[in-house]
Amino acid sequence: MRKWHSIIPNSPMLSIYLWIIFCFLPFFFIFKKSSYLEISIGITFLMLYFIFYRFSVNSRNGLVYMWISFEMVINIILTILYGYVYLSIFTAFFIGNIRRPVGFYIMYGLHIGFTVISTGIGFFVELHLFLSQLPFVVLTILAVVLLPLTIYSKNKRENLEGQLETANERIAELIIFEERQRIARDLHDTLGQKLSMIGLKSDLASRLIARDPQQALVEIRDIRQTASIALKEVRELVSDMRTAKFEDELMRISQILKAAEMEFVFDGDKDTLQVPPLVENVLSMCLKEAVTNVVKHSGATKCEIAFHQNFKEVYLVVRDNGQGISKKQILKSGNGLKGMRERLEFINGSFKIEGDEGTTLTVSIPVTITHQKVKENLQNI
């Protein structure tokens, strides 16, 4: 837990409000006792519980199990002697944040057992008191059973999602490294021999200019032909470079959304995509960045992706039903949207974001201008 008082994620004020309720409520049960000794004992145990809870939050080793055990003992005492069972919810919440499976299941089972047993004993000791709050006691026991499992499963899923994201990033880095190595080998094999030949023939032509101009002219023509062949091979190499395929990216993001437990809806025919490889690569990268943002920041349960192409433009729409995004957040956007904008500007594309109900990102790329600009880029190599 990041904060000792954190109960409701991303809502510190609500967490503090719950703490106030559950921390002051026991005094109502304690002061119902007529004896000053009983009141003093109840307040002492209550203070000890808060101290043990704070120690359990700050512990980073096996001592955490000792502090949780002390909390369970105090829960039993307060339940039997004072009829206050609700502190067991705090203990259940903390048990749910235990990372080690063995430790979690042991403390989880012990806490359920002690809570049920102490509540049963409490019915015999303070029957009228427990009957008056029976619905709340039942809800507390249900919380003790369900809350740790819910929190533990949520933490485990977030951990797996983080590992999956890290693995995907690592795979992407390895793919880029492998592609760079392949390009380096291809460039070396394509240009190495021809550039060496051009250098040798240039030296030969410079020596022949004075004594045999005709032969020097032949060598210069060979240099020109060799350079033309090298340029042609480089253009073919660039055209054949592997790019991110839109269809492959769709398959990967469907897996990511499934891992994030989001519903995935696709509208469009990916087989109708007719654009140059560079445009397809940019489109795939924009799709990847948009879906990554949905998984990380939206809190959505559904992600819709629409793709359409006509004779004028290519459209890609990514829509979610999450919390939306404000104009201020768009202006403060990080490198992801900045990189998307730069890629699209290179091919005269653009995008816009709407965040009123969920978030909608629309990418548009003009088809005609795209073909002309890609052709110019290849010719300038």
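Colleague: How many helices and strands are in the protein?

Modeller: The predicted model has 13 helices and 5 strands.

Colleague: And how much of it is buried?

Modeller: Of the 381 residues, 35% are buried. The accessible surface is about 23,000 Å². Carbon and sulfur atoms account for 61% of that surface.

Colleague: What share of the contacts join residues at least 24 apart?

Modeller: The figure is 68%, counted among contacts between residues at least 6 apart in sequence.

Colleague: Let's do the sheet. What is the strand order?

Modeller: The order is 1-2-3-5-4. The sheet is open, has 5 strands and shows mixed pairing.

Colleague: Which strands stand at the edges?

Modeller: Strand 1 (263-267) and strand 4 (350-354) do. Each has a single partner strand, so one side of each has no neighbour in the sheet. On average, neighbouring strands are turned by 10 degrees against each other, direction ignored.

Colleague: Do strands 2 and 3 run parallel or antiparallel?

Modeller: Strand 2 and strand 3 run antiparallel, joined by 7 bridges. For one example, Ile305 has Val318 in strand 3 as its bridge partner.

Colleague: Which helix lies across strand 2 and strand 3?

Modeller: Helix 10, residues 277-298. Helix 10 also lies across strand 5 (359-366), and runs at about 10 degrees to strand 3.

Colleague: Switching to charges. How many salt bridges does the structure hold?

Modeller: There are 5. One of them joins the side chains of Glu304 and Arg319, at 3.7 Å from N to O. Glu304 is in strand 2 (residues 302-309) and Arg319 is in strand 3 (residues 313-320), so this pair ties together parts 15 residues apart in sequence.

Colleague: Which residues are linked with Glu304 in a network?

Modeller: Lys302 and Arg319 are linked with Glu304 in a network of salt bridges.

Colleague: What does Glu161 form a salt bridge with?

Modeller: With Arg157, where the closest N and O atoms are 3.7 Å apart. Both residues lie in helix 7 (residues 134-211), 4 residues apart, about one turn of the helix.

Colleague: Why do residues four places apart point the same way?

Modeller: An α-helix has 3.6 residues a turn, so residues three or four places apart point the same way. As for cover, Glu161 is partly exposed at 26% relative accessibility, and Arg157 is partly exposed at 30%.

Colleague: What about Lys352 and Glu354?

Modeller: Their side chains meet in a salt bridge, 4.0 Å from N to O. Lys352 is partly exposed at 47%, and Glu354 is partly exposed at 43%.

Colleague: Which residues in helix 3 are buried?

Modeller: Among them are Val64, Trp67, Ile68, Glu71 and Met72. Asn75 and Tyr82 are also buried.

Colleague: What follows helix 3?

Modeller: Gly83, with a positive phi near 75 degrees.

Colleague: Last one. Where is Thr115, and what is it in contact with?

Modeller: Thr115 is in helix 5 (residues 101-125). Leaving aside neighbours within four places in sequence, Thr115 is in contact with Val85, Ser88 and Val144. Thr115 counts as buried because its relative accessibility is 5%.

Technical notes
Residues numbered from 1 in each chain as written. Predicted model: local features only at pLDDT ≥ 70, side-chain atom pairs only at ≥ 80, totals over all residues. Heavy atoms only, no water. Buried < 20%, exposed > 50% of the residue type's maximum accessible area, 1.4 Å probe, protein only. Helix = DSSP H or I, 4+ residues; strand = E, 2+ residues; numbered from the N terminus. Contact = heavy atoms within 4.5 Å. Areas by Shrake-Rupley, 256 points an atom, 1.4 Å probe, with all protein chains shown as cover. Pairing = 2+ DSSP bridges. Axes fitted to C-alpha atoms, helices over the stretch in contact; angles between N-to-C directions.
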